[in-house]
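Have a look at the chain below, then try each task before you read its solution.

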Amino acid sequence: GVALAGDLGGLRPLPDVDGQRLRKRCGDELLRLYFTQWLSDDGLFLDLRSQHFAVDGQALVFAPNGLWVRLRPAFREGMADIYRGFYSGDEATLERALLATGMLRPGLSAAARDELLGLLRQHFGISQSRQRFAIDSSKTSFDELFEFFLAHDYKLHSDFVWVGFYLITLYLTLEEGGQAHDVRALCEDVLEPA
């Protein structure tokens, strides 16, 4: 797991970590933290940039800053279910979750629904068990999703802004690490219903 700390003084900053195995393990732990926070009713630490992490021996240490938010419970639970539905291939769970978060609107045409699902699949990269992270491709994917929402006259809740920031900081740190991660396995490990 990830250890929490008030500060990272005296520890090796995450950006300075060398060795592919340790960088991969740190990236895996970061992804576990990312998914675990979707389960927390107490809120999420949003800023996952690498300067908030260090390594103590083999352990990843996180010193969160004050950027924290409590999302609406139905939205937060919906986000966890979106990941569950995507990575398990459970279309019914996915559809319920997309409706719960407001990403899928009742009354959307079948063509628009298929377009949205295609954009989300592209964004989540679900076909890959060895996913590498690149902020440029995730930015393109975000832009395409928001263009879809604008084209279909969506009114998105501010929770989406927070989630966007959360995802961007995750991608930035994972891109710095430069390793491939089995995101599906990590997601399923953390988010599998008990």
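**Exercise 1. Is Arg70 buried or exposed, and which residue does its side chain meet in a salt bridge?**

Before starting, note that this is a predicted model, in which local features need pLDDT of at least 70 and side-chain atom pairs count only at pLDDT 80 or more, while totals for chains, interfaces and linings use all residues. Residues are numbered from 1 along each chain as its sequence is written, and side-chain values use heavy atoms, with hydrogens and water left out.

Step 1. Use the cut-offs: buried is under 20% relative accessible area, exposed is over 50%, and partly exposed is in between (1.4 Å probe, protein chains only). With a relative accessible area of 52%, Arg70 is exposed.

Step 2. Look for the partner. A salt bridge needs a side-chain nitrogen of Lys or Arg within 4 Å of a carboxyl oxygen of Asp or Glu. Arg70 meets Asp42 in this way, at 3.7 Å from N to O.

Step 3. Helices (H or I, at least four residues) and strands (E, at least two) are DSSP runs, numbered from the N terminus. Arg70 is in the loop between strand S6 (68–69) and H2, and Asp42 is in the loop between H1 and S3, so this pair ties together parts 28 residues apart in sequence. Asp42 counts as exposed too, at 55% relative accessibility.

**Exercise 2. Describe the salt bridge between Arg76 and Asp41.**

Step 1. The closest N and O atoms of Arg76 and Asp41 are 3.1 Å apart.

Step 2. Arg76 belongs to helix H2 and Asp41 to the loop between H1 and strand S3 (44–45); the pair links distant parts of the chain, 35 residues apart.

Step 3. Arg76 counts as buried, with 6% relative accessibility, whereas Asp41 is partly exposed at 44%.

**Exercise 3. Which residues of helix H3 are buried?**

Step 1. In H3 (residues 91–101), the buried residues are Thr93, Leu94, Ala97, Leu98 and Thr101.

Step 2. They lie on the same side of H3, because they cover an arc of only 130° around the axis (the arc uses the directions from the helix axis to the C-beta atoms).

Step 3. Now check what follows the helix: Gly102 comes after H3 and has a positive phi, near 90°.

**Exercise 4. Where is Asp153, and what is its phi?**

Step 1. Asp153 sits in the loop between H5 and H6.

Step 2. Its phi is near 55°, a positive value in a residue other than glycine.

Step 3. At a relative accessible area of 53%, Asp153 is exposed.

**Exercise 5. How many salt bridges does the structure hold?**

The structure holds 12 salt bridges. Well done for working through to the end!
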